[in-house]
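Please keep the sequence and the structure in view while reading.

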Amino acid sequence: MKRQFIAAMVAGLIWLGGCGAQPGKSIVKFESGSPARLTEAPARGTYALYSRFAANPDVSYKLEKGEKVGFVEEDGKIYAVAGSHKDLLKVATMGAYYWKQQE
């Protein structure tokens, strides 16, 4: 019983942590079942792509202010976009992704 309680508490903390546990400022988010969004980088810097519970980014790119950052859907697939880069996402397994501006 005690082991189940501890496991439930750890799972809850991980769930609550989500994108807040990762460094940087969230710029744009994609969640499975939601429309893809594309925006502009608010400032020059490094932008990192995180899946919902990942401690480390999947990729990171240096962008200039105004370059595109976000997510697009093409032929039923979701891609993470940062400037001229486009990376296919594994939406079914991760559920949510975030582009975060690194400090």
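In this predicted model, glutamate 31 forms a salt bridge with arginine 52, and their closest N and O atoms are 2.6 Å apart. The two partners come from distant parts of the chain, 21 residues apart: glutamate 31 belongs to strand β1 (residues 25–31), while arginine 52 sits in the loop between β3 (45–51) and β4 (59–63).

The structure holds 5 salt bridges in total.

| Pair | Closest N and O atoms |
|---|---|
| Glutamate 31 and arginine 52 | 2.6 Å |
| Arginine 44 and glutamate 64 | 3.3 Å |
| Lysine 86 and glutamate 74 | 2.8 Å |

Arginine 44 forms its salt bridge with glutamate 64. Arginine 44 is in the loop between β2 (38–40) and β3, and glutamate 64 is in the loop between β4 and β5 (68–74), so this pair ties together parts that are 20 residues apart in sequence. Arginine 44 counts as exposed because its relative accessibility is 65%, and exposed means over 50%. Glutamate 64, at 41% relative accessibility, counts as partly exposed.

Lysine 86 forms a salt bridge with glutamate 74. Lysine 86 lies in strand β7 (residues 85–88) and glutamate 74 in strand β5, so the parts tied together here are 12 residues apart in sequence. Lysine 86 is partly exposed, with a relative accessible area of 44%, and glutamate 74 is partly exposed as well, with 34%.

Four strands form an open sheet in the order β2-β5-β6-β7, and the pairing is antiparallel. Why is one side of β2 and of β7 left without a neighbour in the sheet? Both strands stand at the edges, and each has a single partner strand, so one side of each has no neighbour there. From one strand to the next, the twist averages 20°. Within this sheet, β5 runs antiparallel to strand β6 (residues 77–82), and 6 bridges join the two. Valine 72 stands opposite tyrosine 79 in β6.

The interior comes last. In soluble globular proteins, nonpolar side chains tend to be buried together. Here the largest nonpolar core has 17 residues, and those with the most contacts inside it are Leu49, Phe71, Leu89 and Trp99. At least two residues of this core come from each of β1, β3, β4, β5, β6 and β8 (96–101). Leucine 49 touches Phe71, Leu89 and Trp99, among others; its contacts beyond four places in sequence also include Pro57, Asp58, Val59 and Ala80.

Leaving out residues up to four places away in sequence, alanine 48 touches Pro57, Val59, Ser60, Tyr98, Trp99, Lys100 and Gln102. Alanine 48 and proline 23 are 25 residues apart in sequence, and their C-alpha atoms are 9.3 Å apart in space.

Definitions and conventions:
Residues numbered from 1 in each chain as written. Predicted model: local features only at pLDDT ≥ 70, side-chain atom pairs only at ≥ 80, totals over all residues. Heavy atoms only, no water. Salt bridge = Lys/Arg side-chain N within 4 Å of Asp/Glu carboxyl O. Buried < 20%, exposed > 50% of the residue type's maximum accessible area, 1.4 Å probe, protein only. Pairing = 2+ DSSP bridges. Axes fitted to C-alpha atoms, helices over the stretch in contact; angles between N-to-C directions. Contact = heavy atoms within 4.5 Å. Core = buried A, V, L, I, M, F, W, Y, C linked by side-chain atoms within 4.5 Å.
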